[in-house]
Structure formats: C-alpha cells, structure tokens
Amino acid sequence: MTSTKLDWQALRPQTDNYQHYFPQAPGDTSGCFEKTQARLANGLQAFSQTPIEPALMLVKVAEYSQYLTLLRNQLTQLEASKSSQWCGGQYTLEGNQAHYRAFNGPEDNFACKSNQVDIADWIEPEQLFGCVRLFRETLALEPGLLHRLNGGTLIISLRSILSQPLMWLRLKQIFLSQQYVWLSLDETRPLPIFLPTMPLKFKLLIAGDREALAEFQEIEPELSSLAIYSEFEENIQIVDDKEIADWCQWVNSVAVDAEIGAIDADLWPELIIEGTRYTGDQKTLPLCPCWLARQLQDAAIYSNDKRLTARGLKSALEARAWREGFLAQRMQDEILLDQILINTEDEVIGQINGLSVIEFSGHPRAFGEPSRISCVVHPGDGEFTDVERKAELGGNIHAKGMMIMQAWLISELELEQQLPFSASIVFEQSYSEVDGDSASLAELCALISALSTQPVNQQIAVTGSVDQFGNVQSVGGLNEKIEGFFQICQRRGLNGKQGVILPVSNVRHLVLNDEVVNAVRDEQFYLWTVSHVEQALPLLMQISWNTEQGACLLRTIQDRIAQMNQQENRHRPWPLRWLNLFNLN
C-alpha cells in the first residue's frame, strides 16, 4: 500500500472541456428555472393546479427577497395560463350600518382579479388584513393584501409567521374558513359598527429555511402533513456537459434580473473555479442567486467597461481576500515570531503538524492554520489520556475520533495482555474548544511515533480521520487547511520537501489558489493522498508499518512492549513471578 502524489492539474476543476459553451451562454434564458430546479418547478406546478380548498405549500428556501421574487415570477407564469375572473365585492356604509354584496363591477372597492400572486416578506397585520379607520366621525374601510389577492396566491416569509403568532392565528383562520371577519386591531377598542363577513379564498405558500420549517411543523403538524413540499436546490451536480450549459444559462438569468453587464467568455472559467470553491466540490456549482449576483457585481466594479471579464472578477476576489485577511495575517505572524511554535523543519519524536480551520464569530472568512500535536509515552497501565477532553476543551466528536484510533492501534498490536505504556496526547497552545475528528490521523501517527521512538518529518502536515479498520476518511475545510500550512512554509521559504497528506476521498474537494497550484507544478510543494494509515506512515517516518522482512514500526513497538514486560517481571517479588509463570494469577 503506497501513497499517491497529486499532479497540479488535480488541484482545481479543469474547464477546458467546457470552453465551447461559454461564448453561447448569453442566449435565451427562458426555461432555465425548470432545468436547474426541476423538483421545485414540479411542486409549483402541482400547487398552481390545486383547487383553492384551501391549498398550502411549504418551500425550503433562504428568506431573501431574490428567492421570494423567483417563486412569485414562476407562479405568475403558471397562473397566467389560466383564465382569470373577478372576485370580491362592495362594502357600503350607511350611518351605523354596513352592507356587503358580491362583485358587480371592477369599480367595487373590494374587487380584484383572481390568479394574482404577491409576496409578504415582512408585513404588519394592518397591511395584511386591512383596517377600519375613523377620521372626524367618518368611517372608511381599507382593504389589505389579502383582499387584493382574493382568488390568488400569497407568498409569505416564515420569519413573519413565527415572530408574529397572533397574526398567524388570524391568517390561518381566514385561510381555513375562507371567510374574512373584520376585527379591531386594538383589542381594547371594539369596532364602531358591525361589519358583515366576506368570502375570501386564496392559496398560501410559506417559504423559510429548514430550521424554521421544523419549528412550523411542530406548531402546525396537521397543516404541514397536508401541504405540498419542495425546496430550492442551492447547487447543481455536474454529471455531463448538459449541466454546465444549464448552469451558464442560469447565471445569465441572474445577471439579467440584477441588470448587470454582459459576461465575457473568459470570465466563466474563473467563476467556475470560485463557484466550486464555494460549494467545496469540483463537480458541484452554486445556484444561489444572491451569491452569484455578488460575484458578478464585484466583477463589474473592477472592470473597465460594462462587460464582465476574468480580470475584473479575479481583481475583485483578490481585493476581498485582502480586506478579510487581517486575522489570518496576524495568526501567521504569531507563528513566524515563534509565539505559536510550529516546526516546519527537522524530525521530532511524538510530534506532528495537524491542520485546523479557524472560524471567528463576526468574521466572514474561515482560514486554516497548522496545529502542533504532541504525544508522550511512559510506563503505565495502558491508559490513553486525551488532554483536551480532560481539560474540558475537547468536543464529543473529537473524543470519538480519539477512541476510534486507539481501538485500531490496540487491534493491530494483538496484545495478549495489557499495554504496559500510557500515553498523553495534546493540541499544544490550544486555548479554545477543539472538536471534530479531522485530526485523528495526525494524532494516531504521533502516538505511533512516540511508541516506536521513530521521529516524524515536521515538513509534512497531516489531515484526515480514521475508522476502526485504519481507513482514512474525508474531512472538511480542506482548501483552507492546505493553504494555511502552505503560507507558513512559503513565508519561511519553500525547500521542495514540504507538503500535506490528505485523504484520497478529498481530491474532488480541492480548489486551491494560484500560489499553491504553481508551487505544486514547480515541485516546491507536494500533496499526497492516502486511503489507509499504513500509507501515511512511510511518508512521515521513512519506515513501513508492517513488513515481513526488515524493520517496521509494528515490530518495533511489539519488541518495546515485550522488553517492558520483561523488565516489569524482573522487578516483581518472586511469588508473583512464579504465579505469572504458571498463569495462576
């Protein structure tokens, strides 16, 4: 079992095969919603064809105006194919009495055309339900949004519902009864006159994120179970050229809606690279209209004319990274000034460079930095001490990873008795909570190094989690981790021997910046992929884990254990040695 050294072409998506799509991309954008959001388009069509009895739909979507506008536009197109009719009627006030009659003409004060679609992103009860106004002893009835959507569809933000429960209770009552009852907005003051009810039917589409939908389902389990459900897909999986063409058409529709300039053909490769970095997958591109519009608008700012070019987008991304790079710069300075000790040279027993992703609350950009993981071994009763856990700085997932890697090691050693060593593993100079299992491969290598007294190459950093069979599993934040270690090595001086070991299953998640790609191409920095623990150990310690002939780490550890057991038996009182000899204890 050997590791694989990655070529520089594998470090980001290759766009050469898609070049013929880019010049034709600005064509007709009609139908792109149905191509990129097929499930949601099907749900909206089913919702549109459902009779008002009443009809409810739940859509999982970010509660931004761009998303709600997309839903409105799609429903408006579907409703436009139907024949519309007039709904509502006329309220008349005569002294202290009010009368209502059904629709007689478009001039009726509560008349509207059916099939209308509108949005209530954030709305107050007075705007939604209308109100009764008394001015100088003159009564006036003002219709609300519901009256203007009689026979139509209301798209409402779930945030409005959850934050205004009384408004929702009244909206639900109208929605289910299909009758509008006039109520005073001030509970302490009743209506000055009695107002007859009016028939009011509408479809209701509730849009919100997954957490809000879960809360709504707890509040309204019966309604939720009867609703049509769909969701906006935030990304598209690239299977063949068709998905690339659909994505280009979608991006152009976003540019048209945002009234952004024309897109040059050379911008598309840069946008694809940035998009795959955003999704964290070389075969996945984002569909979020807000994110796409921001990239295009930033590119327009840095373009000399109204056209969007690759140079403009690249300049915008570099400027954004520089603006948001203060904290990462300070952390690197701390390492370079030896305030945080990270060794990128020599070899050390029981010490390894792990990789972490740092996220600060209120800071828009996560960044990676190396973490020094150390392990010491001493005679003991076989206990593996996770210092982070003991100090209550380690999360549950980190503790789980520690126990899994210990289980693999004990299984490999095939001990007939208790391990005569105890070990202590710690993230050095870590003063906040450590969680996740992405460092379990590095911790396991440090433990093996300490047990075998074999030094670890400090020029190589490690990331990856392990299972109980020693398989190396994928981790998150890979690009930030690699770039964080690379920047430290670069500022200290690349020597052509530094690099990172990563899981082979993470290769599709690599979308690295130009500096790392160029360094790998020039053989100044390396990336190795492994699928098993045994593949990482020769890279770090220049010796295999287990071989039939010659020295190996497993045999070294077993010999050391046997030697320790002999020393313990030699120091025991003679009755205990005698009992142990005949296996009577």
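Before I start on accessibility: buried means under 20% relative accessible area, exposed over 50%, and partly exposed in between, with a 1.4 Å probe and protein chains only. This is a predicted model, so I note that local features need pLDDT of at least 70, that side-chain atom pairs count only at pLDDT 80 or more, and that totals for chains, interfaces and linings use all residues. Residues are numbered from 1 along each chain as its sequence is written, and side-chain values use heavy atoms, with hydrogens and water left out.

**Entry: positive phi**

Most residues other than glycine have a negative phi. I looked up two exceptions.

Asp-346 has a phi near 70°, a positive value in a residue other than glycine. I found Asp-346 in the loop between α14 (326-336) and β16 (347-349); helices here are DSSP runs of H or I with at least four residues, strands are E runs of at least two, and both are numbered from the N terminus. Is Asp-346 buried or exposed? Its relative accessibility is 54%, so Asp-346 counts as exposed.

Thr-453 is not a glycine either, and its phi is positive at about 55°. Thr-453 sits in the loop between α17 (440-452) and β21 (455-457). With 41% relative accessibility, Thr-453 counts as partly exposed.

Ser-465 is in strand β23 (residues 465-466) and is buried, with a relative accessible area of 2%. I listed what Ser-465 touches (heavy atoms within 4.5 Å), not counting residues up to four places away in sequence: Asp-437, Ser-438, Ser-440 and Leu-441, then Asn-471, Val-472, Gln-473, Ser-474 and Val-475.

Ala-227 lies in the loop between α9 (221-226) and β13 (228-231). At 16% relative accessibility, Ala-227 counts as buried. Which residues is Ala-227 in contact with, leaving aside neighbours within four places in sequence? I get Leu-56, Met-57 and Leu-58. I also checked Ala-258, 31 residues apart from Ala-227 along the chain: the C-alpha atoms of the two are separated by 32 Å.

How many residues of strand β9 (residues 153-157) are buried? The count is 5 of the 5, so β9 is largely enclosed by the rest of the structure. I checked both faces of β9: Thr-153, Ile-155 and Ser-157 are buried on one side, and Leu-154 and Ile-156 are buried on the other. As a reminder to myself, side chains in a regular strand alternate between the two faces of the sheet.

Strands count as paired if DSSP finds at least two bridges between them. Strand β6 (residues 117-120) pairs with β9 in the parallel sense over 4 bridges, and Ala-120 has Ile-156 in β9 as its bridge partner. Strand β12 (residues 203-208) also runs parallel to β9, joined by 5 bridges. There I see Ser-157 opposite Ala-207 in β12.

**Entry: the three-strand sheet**

Next, an open sheet of 3 strands, with the order β4-β3-β5 and antiparallel pairing. β4 (97-102) and β5 (110-113) stand at the edges with a single partner strand each, so one side of each has no neighbour in the sheet. On average, neighbouring strands of this sheet are turned by 15° against each other, direction ignored. Strand β3 (residues 86-94) and β5 are antiparallel over 4 bridges, and Gly-89 has Phe-110 in β5 as its bridge partner.

Strand β18 (residues 367-379) pairs antiparallel with strand β20 (residues 421-427) over 7 bridges. Pro-379 has Phe-421 in β20 as its bridge partner.

**Entry: α18 against α19**

Which residues meet here? From α18 I have Ile-482, Glu-483, Phe-486 and Gln-490, and from α19 Glu-515, Val-516 and Ala-519.

Note on methods. Axes are lines fitted to C-alpha atoms, for helices over the stretch in contact, and angles run from 0 to 180 degrees between N-to-C directions.
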